[in-house]
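Q: I am new to this structure. Please take a close look at one part of it, the place where the two chains meet, and set it in its surroundings.

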Amino acid sequence: MNPMAAVSVALTALRVNALRSFLAMLGVIIGVGSVIVMISISQGAKAAVDAQISALGANSLQVRPGSSFRGGVRGGAGSAAPLSDEDVEALREQIPYVIAAAGIIQQRGLTALVDGVNWSTEVVGAHPDYFFVRDWAIVEGRAFTVPELDGAARVAVLGRTVVNELFPAGGAIGATVRINGVPLEVVGILTERGQSSWGQDQDDVIFVPTPTMRDRLAGFARAGVRNPVQSIWVSVDQARNIPLATEEIIDVMRVRRNIRIGADDDFSVVNFAEFIRARSETESQLGLLLAATAVISLVVGGIGIMNIMLVSVTERTREIGLRLAIGARRADVRNQFLIEAVVLCSAGGLIGMICGAIGALVVESLGQFAVSIEPTIALVAIAAAAGVGILFGFYPAHRASRLNPIDALRYE
Amino acid sequence: MAKPLIRARQLTRVYRLGGGDVHALRGVDCDIAQGDYVAVMGASGSGKSTFMNMLGALDTPSGGELTIAGQSLLNRTPDDLAKFRNEMVGFVFQQFNLLPRTTALDNVALPLLYRGMPAARRKARAAECLKMVGLGERMDHHPSQLSGGQQQRVAIARALANEPRILLADEPTGALDSKTSEDVMDIFDQLNASGITLILVTHEADVGARAKRRITFRDGLIVEDTQ
């Protein structure tokens, strides 16, 4: 029998029992559908994590003051002595792995004013290296320069959201923005970053040189420390040097802060990328577990196919006997039932794939997860469904082909 | 005399069952010529059905010789026998054995499918066979839309589709009333007249009376053979 005729025989048999065929497929539909949803979600989550990590900047670390411990009373985070521009210089100069370092001072809720339009935003005083450390490109204009930094120049670099709010008609570069009455010239605009992993709008920000922030805008001062900063961001040359760089930063800072041997650090070095990875590790393990569940449901679907095919073979014993009597070879009978199983599973796989894709989009629209649907996964899912058909269809088909024609014809 | 179409010598068939061996055939000698019209008769359990199954290559002998159209049917593989059935034999069963929810035309075309004939030729040949049994108007009917006699005629058309040399009918009128039995037997008479070798199993005397030759079985042996 030629293959086309075999497929058409199988399709006819399936159409004759359309409802049962559909019910048999349901297991595979659910199995493939859930595999697609799970993989799409975990792919989406992975993409989101990658985006978050790249938004931090490559190989970046943050140094921040920890809690003080005086007279048996532990202060809150940041209650220890602040960091300073001199610390930034020391890290940059003394540690070979550190290729860039920038101290920053952040303050939220400052009002920026342009021609009567105002916008409350976050203002960050930073060293120009900060844009390098955070891997944050200037899309228009330029970053401020080191001479501008040293001279506490009245210049600003704006995030996209601020530009959109204050300059809806454009023309931001060269314009003047007032913060706390201080006029600042806009020299650059940053590329759009979107939401952070904490759901904060990263583009709602204005950058100014650190001394400008410290001396002119916010009056950031700490007793006993000259040129204080809130935290320091450093960039390490290579990912594999991050542990070494972390150790050296700790050594340098302990010396600079006169911490006795054996005493606890009163500052911390944070690797945010590691944080995000650790968190996503849990997520991806959960995803793996869900994918395993989905694969199990695919296997259960396959068992359903096997069950229905065994019922079908038993029910059609006389038909098989007749086919054998009029000249079907064993392979013809085996192929007929095998093709039925494969057609059932592939159709189930196709429907499951469509349902899975729709399901993934629904999940995305509910806003719980980012999803990413990849065509290769869809192909793999259909191939897996067809494989399930062959795997679970073989035994019933083989059994059908081994029937004795006389017994089969007499079967009641 | 010309070489017989079917030649059986000392044909035996033993079924091994739990309670001991059952000897369904105990050494049957029989020649059947091309174009003969044979009624095989006997009580149930006499071995007549086993003999028919042998002739149709549905069952294989335990011993002896069986040659049909020059081919020995001993020690053949299942696929070999399938090919033999497809080319040499047409079967008509008591219960018709048509595929449900399948048109008369597709039922009749079924044997040709296993011969690898292209779809268009299958349909043409099936239509031809249905016209031969007087069902040219009902080719698209399903078995459930046909009477018993019509269903048996579809089954005969299916048996004829691959132009067999031998037509084997097992109680072909067993499920039909006397009027439709007559119609079916008339078709058999015509087919034999056109040269096909016809062998039918029956326990009805009037059906047996139409045959040219009657073979009667008892306890696995031929006890009567009348021309």
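**Where the chains meet**

A: This is a predicted model. The mean pLDDT of chain B is 92. In chain B, 99% of the residues reach 70 or more. For the model, ipTM is 0.94 and pTM is 0.72.

Start with the contact itself. Chain B puts 20 residues in contact with 18 residues of chain A. Two elements of chain B each give two or more residues to the side that touches chain A. They are α2 (78-88) and α3 (104-113). The largest share of that side comes from α2(B), with six residues. Sorted by class, the side of chain B that touches chain A holds ten nonpolar residues, four polar ones and six charged ones.

Now step back to chain B as a whole. Its secondary structure comprises seven helices and ten strands. The radius of gyration of chain B is 17 Å, close to the 17 Å that the globule rule gives for 227 residues, so chain B is as compact as a globular protein of that length. Its C-alpha trace spans about 50 × 45 × 40 Å along the principal axes.

Next comes the partner, chain A. Here there are 13 helices and 14 strands. Chain A has a radius of gyration of 33 Å, whereas a compact globule of 412 residues would have one near 22 Å. Along its principal axes, the C-alpha trace of chain A spans about 105 × 60 × 35 Å. The chain is divided into two parts: domain 1 (3-52 + 277-410) and domain 2 (81-265). Taken over C-alpha atoms, the centres of domain 1 and domain 2 of chain A are 56 Å apart.

One helix pair in chain A also deserves a look. Helix α1 of chain A covers residues 3-16, and helix α11 of chain A covers residues 330-365. Their axes come within 9 Å and cross at roughly 65°. The crossing of α1(A) and α11(A) is right-handed. From α1(A), the residues that meet α11(A) are Ala6(A), Val7(A), Val9(A), Ala10(A), Leu11(A), Ala13(A) and Leu14(A). From α11(A), the residues in this contact are Asn335(A), Gln336(A), Ile339(A), Glu340(A), Val343(A) and Leu344(A). By class, the contact of α1(A) with α11(A) has ten nonpolar residues, two polar and one charged.

Technical notes:
Residues numbered from 1 in each chain as written. Chains lettered and ligands numbered in written order. Predicted model: local features only at pLDDT ≥ 70, side-chain atom pairs only at ≥ 80, totals over all residues. Contact = placed C-beta atoms within 7 Å. Helix = DSSP H or I, 4+ residues; strand = E, 2+ residues; numbered from the N terminus. Nonpolar A, V, L, I, M, F, W, Y, C, P; charged D, E, K, R; others polar. pLDDT = per-residue confidence, 0-100. Axes fitted to C-alpha atoms, helices over the stretch in contact; angles between N-to-C directions. Left-handed = near helix turned anticlockwise from the far one by under 90°. Domains from an automatic or database assignment. Rg over C-alpha atoms; globule rule 2.2 N^0.38 Å.
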